[in-house]
Amino acid sequence: MIFNGYTPSTLLPVLLICAALIAILYLLRVRRRAVQVSHLGLWRDVVTTSHRRWHDWLRRLISFLILMAVLGLIALALMDPRPNDDDTATRHAVIIIDASASMAASAGPDDHCASRIECALNDAHQLVDHMTPNDRAVIIEASGIVSAVSGPFQADKSALHKAISQIHPRATSTDIQKALKLAASLTHGSPKPEIILLTDGQFDDTPALHDILPDNAAFQQKTYGPPTGNVAIEAFNVRRYIANRLGFEVLFKVRNDFDVPVTLKITLSGLASDENTFDPNREHPVIAQKTITVASGSSELRLYENLTLTSSRMVASIHIEDPQNLNDPMPLDDLAYARIPDFSKPRILAVTTDNLYLEAALLLNENYQVSFLRAPPSPVDLGTFTAQHDIVILDNSSQKLHDVDTRAWSGKAIFINPDQTWSPFPTKTVHNPIVERVNTKHPVARWISLKNLNITQASVFKNIPNADLVVRAIEGPIMATHTSDTQKFLAIGFSLTQSDLIFRVALPVLIINAVDWLMNENAEPQRGFPTGTSWHIPIPTRRTHVDIVHPDLHVTAGIPVHDDTATLYGDTAGFYQIPDIHPPVEFAANLNDPRESCLSSTPTRLPDQNSVSLNDAPDTPQTSPFLALLEKLPASSQYLWVLALLIALAILAIEWLTFHRRWTV
Amino acid sequence: MLFDDAFLKKIEYLYVMSKKVFTGKLRAERKTRKVASGIEFADHRNYAPGDDFRALDWRVFARTEKLLIRLFEEKEDLSIYFLIDGSNSMMFNHGAKFDYARRMAAALGYIGLCNQDRVGFLGFDDKIIDRLPVTTGRGQIFNIFKFLENLHGNGKTSFEDAFRAFCSQNQRRGVAVILSDFQNPTGYESALNFLHYQQFETYVIHIVDPEECNPGVHGDVTLVDAETGEQLDITMTPKLIANYKKAMEALCLRLEAYCMTRHMLYFKTPVSTPFEDIVLTVFRAGGFLK
């Protein structure tokens, strides 16, 4: 016999106090009370039995001994005696909590909690509460990634409760396969493994449990939340206009899974630079509000144009306006984030003389901050100019620049008809070159046609091994770009005034394209990332490691960079930042999982295995209360002693109250 | 306060009710009784051997050949004595029975005074504690209240001793109303017989306390006699309590039977019953007011 409960030294003071209390109560009980009667004669007449004092004494003694025996039995129960060969003492329970996005949806009306994850966490807390000191448990959070958040099997309830409390719904789907495999590996070799899955059943996989779980493992699933409709943002992005850099247009797609048409109010708001997620309790500048009606079971795509930007961070939110009694159960897919690249007017220095065509093309664009140097010094120090300006244009078209110092420069530049002495590429002069090929995929050549360009004289670049070709003539390349760590430039091998480009609308577009390319700007929406996947984030500067700030402002430090790409798994919607590089990188991530947003489908239910109480109906949705789960969990012997104590006290109370009535003694 | 304004209102109400109850049935103030001599003819009754021949109604005999005695009304004063038990047994349960007895005596006395009867009060245990000589007139009611309020008993009950003393002090016969719980260790039979033989018309009002009829104690207790101080260790069991209730009921039935055989009016009243109800019951029983 071994004792797993309280030690005798711990129990002894309590026992003595209880014994003294019982003795006092006993003495109070057997004490005779004096009762006055008006006449004793009647009582004498009715008392027929003779009182045997030894009988009374014995009766009272037996009563006292019964009390003491009850107390001793309670003490024995508190010491939790067990036979020496008890091998069933330790049981291992794995509690898998689904933390996918759909678990943030509201729970059913009978669940008595606000959201499905709250129900699951409450039940997990209850399960932990009902563990005996010999039981071990582990908490698994199952979202896009699966992890044992409580560490290995342990009996420390406070640690388990803490691990449960830290679980919150992620903007990802559930990898149920991985979760079950992890549970199986954790319980491998355990004599009595018990696996409990707390989920809403919104996953497509139906794993074969007998292939994954050990044969002796008991498995049971509890499902939260009934099938319900939902509205969700399926797509959201924003891009700038080419001509008007301060204007933008928004692409928006929303889906309605309710069985009735829904009128939604769409709010586009800007977020401040210190906000990585949308906080509904804070005021945000509203950029636009739109109303859209979406038919039942369909999606609506909208393009909202000519909006004025107030922030580079934008969030879209939807709210059901009609029918008013319809509640949107899932909040996570009602928000979407998008980011617009920062825009600032590039400072352009044009070293040119009497080239009105170039000057006009530059001045036409209000988004440029242009300055001209019409009387250049000699020599022209390119390094100094690029240090002071974003882009330097060296135009050798109308009046020749004979003396340009290009020995040490870094930055961005456009060379127009460069002289052989300062041309970035070796050149050879040709006459009337014929354009043979235009690289239309190059950003500099987008939206323009240079095929029929007539050029009087050009400098053909002879050797451009590290450059990207833009325009090639039969004689050789006449327009090329080059990018290195320190230099980025466009070289145009002919004079603008000696070609008919100056008469074409392609010239200002070519200038815009060149500036955009040099400034890394484009009109495409910035790429966002879907949550629940691994992201390959381009890093613009050479770094071996970067630190990434998540939407909840926690920092993942030291993420390695390979091939100018950092890899990160993200499970939270919002804005992510890499602030310690230049230029800083910022991008948006959104929940983009139609399966998580589709709450109208019937929850997937895995069949119970080795279940004691629910095994008879493996394919029917579970409707029994959670007590059925508790039956399977480790027996609550921890509370048996409380129960035993209460029963003993009740017996004592009944015995005490009825003693004089001769009902019990 | 034993006799407060509410009590005065009640007994005034009782007086009015007594008038209504007996209208048409009895005369409002019955101060005469039918005898064979007198002034005012009242009734006939059959002749019985020993009757005075002078009272025979010969005219009726001539017509019907029946011998009838002529009865006449004779005015007299009726004396009503209230004998209130003031022993320790009446002090059970904070003197509930004693208070009840005093209130009832006061109410009946007031109605008697209103009917121009002579009313006297006597408190007794094993002796006469105090007495208020017979008096008449409504104005005496406050003296009665004062007497009853100052009446306190503290002793054993002995009806016979007390009644003997009462009879010796009151030669004028009349109605004797005994208000007691009849918890008497020496018995009540001889005492009631004595009153009967002394030609007192006796009314027995048996006052009981529900707590003594239905004791609410359980377990091992020591019973203490309120009068003698004797003690009895006893274990209260449901069976014992049931037997006690039977014995108590038998006591009441025995007393009632005894009274009936001796033409005494018997009323049993628990102290929980409003005293005005039992007063009206006494009126309805008839004979209290003549």
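## A charge over a ring

In this predicted model, the charged end of K488(A) sits over the ring of W517(A), 4.7 Å from its centre, where a charge counts as over a ring if NZ of Lys or CZ of Arg is within 6 Å of the ring centre and within 35 degrees of the ring normal. Local features need pLDDT of at least 70 and side-chain atom pairs count only at pLDDT 80 or more, while totals for chains, interfaces and linings use all residues. Side-chain values use heavy atoms, with hydrogens and water left out, residues are numbered from 1 along each chain as its sequence is written, and chains are lettered from A in the order in which they are written.

## Aromatic pairs

Over all chains, the structure holds 31 aromatic pairs, that is, rings of Phe, Tyr and Trp (its six-membered ring) whose centres lie within 6.5 Å, with planes under 30 degrees apart counted as stacked, over 60 as edge-to-face and the rest as tilted. One of them joins F236(A) and F252(A) edge-to-face, at 6.1 Å centre to centre and 75° between the planes. This pair links distant parts of the chain, 16 residues apart, with F236(A) in strand β9 (residues 231-240) and F252(A) in strand β10 (residues 247-256) of chain A; strands (E, at least two residues) and helices (H or I, at least four) are DSSP runs numbered from the N terminus. Both F236(A) and F252(A) are buried, meaning under 20% relative accessible area, as against exposed at over 50% and partly exposed in between (1.4 Å probe, protein chains only).

W409(A) and F415(A), both buried, belong to one aromatic cluster together with W422(A), F425(A), F461(A) and F489(A).

## Helix α8 of chain A

In helix α8 (residues 356-364) of chain A, the buried residues are L358(A), E359(A), A361(A) and L362(A). Seen down the axis of α8(A), these residues fall within an arc of 160° and so line one face of the helix, the arc being that of the directions from the helix axis to the C-beta atoms. The face turned away from the buried side of α8(A) carries the exposed residues L356(A), L363(A) and L364(A). The buried residues of α8(A) pack against several elements of chain A, including β16 (347-351) and α10 (506-518), where contact means heavy atoms within 4.5 Å.

## The contact between the chains

Chain A and chain B bury about 2,800 Å² between them, 61% of it on carbon and sulfur atoms; buried area is the accessible area (1.4 Å probe) that two parts lose on being put together, summed over both. The count between chain A and chain B is one salt bridge, a side-chain nitrogen of Lys or Arg within 4 Å of a carboxyl oxygen of Asp or Glu.
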